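Here is a brief report on one structure.

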Amino acid sequence: MNRTPHRIFPVHFAPDKKLVHIVVKLSDAPGSYSSILESLRTKVNLIGTATYTLSDGTAIFSGFAEALEATGTGEGLRELILKSGSALDAQVREGRDGLLIDTFHRGFTVDGDRYVLMRQGELVKMFDHVAQLLGSGGEALLYEEGVATGRWSADTAASRYGAGRVRAQAKEFNHLMTAEGMGDVDGQNGPGDGEFTVTVTECFECTGKPASRSGCSFMRGYLVGAAESIFGKKYACAEEKCSLKGKNSCEFRLTPKT
Amino acid sequence: MRPRLLLLILLGEFGLFVLATHVYSSLSPLSLLASGLVLESFSGFEGIAEGMNRKGRKAHAPAAIIGNSGIRHEFAFAVVPDSGKPTVVVDTELAVEDVDDTKVLKFYVKVFDVRPERAILCVSPKLSSRAAALANEYGIEVLEDEVPRRLLKLAEKAIDEKPNQEGS
């Protein structure tokens with residue numbers, strides 16, 4: 001299967017549809033999740049769902065859905081869910097005029113870390129504005145921010161998973177960067193001793209071709225910061241190819257500093 | 001949009017610049033004025049660089065310096081000895097009104113990246129009070145004059161005041 005962006009649902013817009021956001025607190029008994037789905041089967045068309053366990057052993061089911069019955073109400077759905085016997089609690093919120101917004105969740109957590117969800121375009125615009133405002137100095141600033149962020153990110157991973165494990169499985173963390181949306185990241189060793197090359201396809205930083213940018217300074221710095229933290233050496237990084245210059249992907253070569 | 005006629009006659013110490021431009025666009029005449037002034041300034045710094053090179057200093061105008069980040073920065077003038085570590089970098093900011101703090105910030109981030117011993121910002125007419133406070137905080141030497149061409153003399157004197165230890 002091809003990799004695809006993870007679709008999540010803090011908001012959904014479908015004009016002329018009756019939308020509902022269903023949130024259920026589930027018991028940890030086997031089959032409780034399937035029981036909830038079964039109770040909803042004839043009532044809604046699920047658009048996007050998520051389930052996750054909580055520290056108290058219970059779980060949350062959250063689903064955006066289109067109601068199949070025009071006359072049904074959110075309260076009716078809630079009662080149906082509670083009757084299933086698997087729900088400890090439930091809430092159903094109806095959208096307004098085709099617009100449904102998640103009012104249950106407060107931000108995101110990934111493996112214990114809080115994340116801020118922002119449009120890639122917003123971040124790209126912000127970086128572009130820094131470069132527009134500060135010229136080449138803006139690029140240097142973005143590089144420095146990249147180094148600091150990459151180092152912090154790798155330090156956090158090392159403290160959580162163990163520095164040895166992170167070092168031994170450094171390539172696995174390329175997949176994490178990809179899953180986080182930084183681009184399709186692929187690392188290769190060589191050609192020189194201790195050197196490695198990182199290719200980023202659909203690099204988040206230059207997607208959309210920001211007008212004031214000349215390269216991916218943040219990503220270049222991020223890779224330097226992460227590599228320095230993981231391998232305990234100083235690195236220089238050159239962006240040898242960039243999508244901004246008509247290439248299919250961005251390519252970064254990291255070389256240990258002597 | 002309407003045609004604009006801009007005639008600039010700038011008498012510099014190193015030559016006469018005449019810039020006559022018909023612009024059929026939305027370009028502001030002020031930006032053209034600033035461009036003309038910047039051209040004059042760069043040209044003036046070239047003369048200063050030539051003079052300093054004759055004295056054995058490694059001066060460049062304009063100067064391109066690669067910073068610690070790997071980014072290439074341009075300055076109006078710089079002295080970069082063979083060691084590669086710049087001793088002095090100079091930039092110009094010319095405007096019709098007071099120069100604001102973003103221009104100081106713009107200069108500072110370049111300075112931060114190339115780490116020179118001295119950083120001089122030549123400003124005409126002058127920095128705003130906020131910009132001046134920022135420059136002071138960042139350790140940037142500021143030269144101000146309402147007449148841009150006078151800045152060249154001030155800059156030359158300032159650069160010569162503390163030639164530092166510049167190994168050739």
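Is H6(A) mostly covered or mostly uncovered? Mostly covered: 13 of the 15 residues of H6(A) are buried. Note that this is a predicted model.

Helix H6 of chain A spans residues 217-231. From first C-alpha to last, H6(A) reaches 21 Å, close to the 21 Å expected for its 15 residues at 1.5 Å a residue. Just after H6(A) comes Gly232(A), with a positive phi of about 65°.

What does H6(A) pack on? The next sheet gives the setting. In chain A, 4 strands form an open sheet, ordered E9-E10-E12-E11. The pairing is antiparallel. Strands E9 and E11 of chain A are the edges, and each pairs on one side only. Neighbouring strands of this sheet are turned by 20° against each other on average, direction ignored. H6(A) packs on this sheet and touches E10, E11 and E12 of chain A. The direction of H6(A) makes about 145° with that of E11(A).

| Strand (chain A) | Residues |
|---|---|
| E9 | 184-189 |
| E10 | 196-201 |
| E12 | 249-256 |
| E11 | 235-241 |

E11(A) and E12(A) pair in the antiparallel sense over 6 bridges. Within E12(A), Pro256(A) stands opposite Tyr235(A).

**Where the chains meet**

How many residues of chain A are in contact with chain B? There are 13, and they meet 13 residues of chain B. Helix H3 of chain A (residues 120-161) gives the most to this side of chain A, with 11 residues. By class, the side of chain A that touches chain B has 6 nonpolar, 5 polar and 2 charged residues.

**A buried valine in chain B**

Val142(B) lies in strand E9 of chain B, residues 141-144. Why does Val142(B) count as buried? Val142(B) is buried because 20 other C-beta atoms lie within 10 Å, and the cut-off is 20 or more. Leaving out residues up to four places away in sequence, Val142(B) touches Leu121(B), Val123(B), Leu127(B), Ala132(B) and Ala135(B). Val142(B) and Ala158(B) are 16 residues apart in sequence. In space, Val142(B) and Ala158(B) are 10.0 Å apart, C-alpha to C-alpha.

Methods
Residues numbered from 1 in each chain as written. Chains lettered and ligands numbered in written order. Predicted model: local features only at pLDDT ≥ 70, side-chain atom pairs only at ≥ 80, totals over all residues. Contact = placed C-beta atoms within 7 Å. Helix = DSSP H or I, 4+ residues; strand = E, 2+ residues; numbered from the N terminus. Nonpolar A, V, L, I, M, F, W, Y, C, P; charged D, E, K, R; others polar. Pairing = 2+ DSSP bridges. Axes fitted to C-alpha atoms, helices over the stretch in contact; angles between N-to-C directions. Expected span 1.5 Å × (residues − 1). Buried ≥ 20, exposed ≤ 12 C-beta atoms within 10 Å, placed from the backbone.
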